[in-house]
Amino acid sequence: MVVLNIVVSVVVIILLQLLGMVIFHWMTPFNDMEELKKGNVAVGLALGGKFLATAIILGVAAFTNTSIWFMMLWFAIGYVCLIAAYWIFELVTLGFNVSKELEKGNVAVGIMLCLVFIGSAFAVSSLII
């Protein structure tokens, strides 16, 4: 039974991580994978930050909850906070459009967005019970 629980938990974690990345992919006005193929470092940094931030929240949600349902609920709450962090970052950068800067390859914006995601994930994951 323990092995089955572990297998189910791992499968759910992988599916939630993939779902999180798909949702982030839908949010961007450009194709992340195409930009990566072109060697766009800024998009790579932002995408890596999204992946790591999603994993941080998912990991803490899995660690602190014995129920898969509660893990999924806390992941959803944390993930909504990550999406909010992106839109708030977009709003407070009045001088430019974050997505356009990423598409142009602005590495500084990519690094900053990466760290916004990671920092938000650490802050939000501290609230997960």
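Modeller: This is a predicted model. The lining of the largest pocket holds six nonpolar, six polar and no charged residues.

Biologist: What makes a residue of this lining count as charged?

Modeller: Asp, Glu, Lys and Arg count as charged. The lining consists of Asn-5, Val-8, Ser-9, Ile-13, Ala-62, Phe-63, Thr-64, Asn-65, Thr-66, Ser-67, Ile-68 and Met-71, and therefore no residue in it is charged. The volume of this pocket is about 150 Å³.

Biologist: Which helix gives the most to the lining of the largest pocket?

Modeller: Helix α1 does, with four residues. At least two lining residues come from each of α1 (2–27), α3 (41–64) and α4 (68–92).

Biologist: Why is Val-3 called exposed?

Modeller: Val-3, which is placed in helix α1, has a relative accessibility of 63%. Exposed requires over 50%, so Val-3 qualifies. Val-3 also belongs to a nonpolar surface patch, together with Val-2, Ile-6, Val-7, Val-10, Val-11, Ile-14, Leu-15 and Leu-18. The patch has about 830 Å² of accessible area together.

Biologist: Why does Ile-118 count as buried?

Modeller: The relative accessibility of Ile-118 is 15%. Ile-118 lies in helix α6 (residues 107–125).

Biologist: How far apart are Ile-118 and Ala-53 in sequence and in space?

Modeller: They are separated by 65 residues in sequence, while their C-alpha atoms are 4.8 Å apart.

How values were computed. Residues are numbered from 1 along each chain as its sequence is written. This is a predicted model: local features need pLDDT of at least 70, side-chain atom pairs count only at pLDDT 80 or more; totals for chains, interfaces and linings use all residues. Side-chain values use heavy atoms; hydrogens and water are left out. On a 1 Å grid over the protein atoms alone, a cavity is a set of points where a 1.4 Å probe fits but cannot get out, and a pocket is an open set with protein on both sides within 12 Å along at least five of seven lines; lining residues have an atom within 4 Å of a point. Grid points are joined across faces, edges and corners, and a volume is the space filled by probe spheres set on the points. Patches are made of residues with over 30% relative accessible area and no salt bridge: like charges are joined within 9 Å, nonpolar side chains (Val, Leu, Ile, Met, Phe, Trp, Tyr) within 5 Å. Accessible areas come from the Shrake-Rupley method with a 1.4 Å probe; for residues, only the protein chains shown count as cover. A salt bridge is a side-chain nitrogen of Lys or Arg within 4 Å of a carboxyl oxygen of Asp or Glu. Buried means under 20% relative accessible area, exposed over 50%, partly exposed in between (1.4 Å probe, protein chains only).
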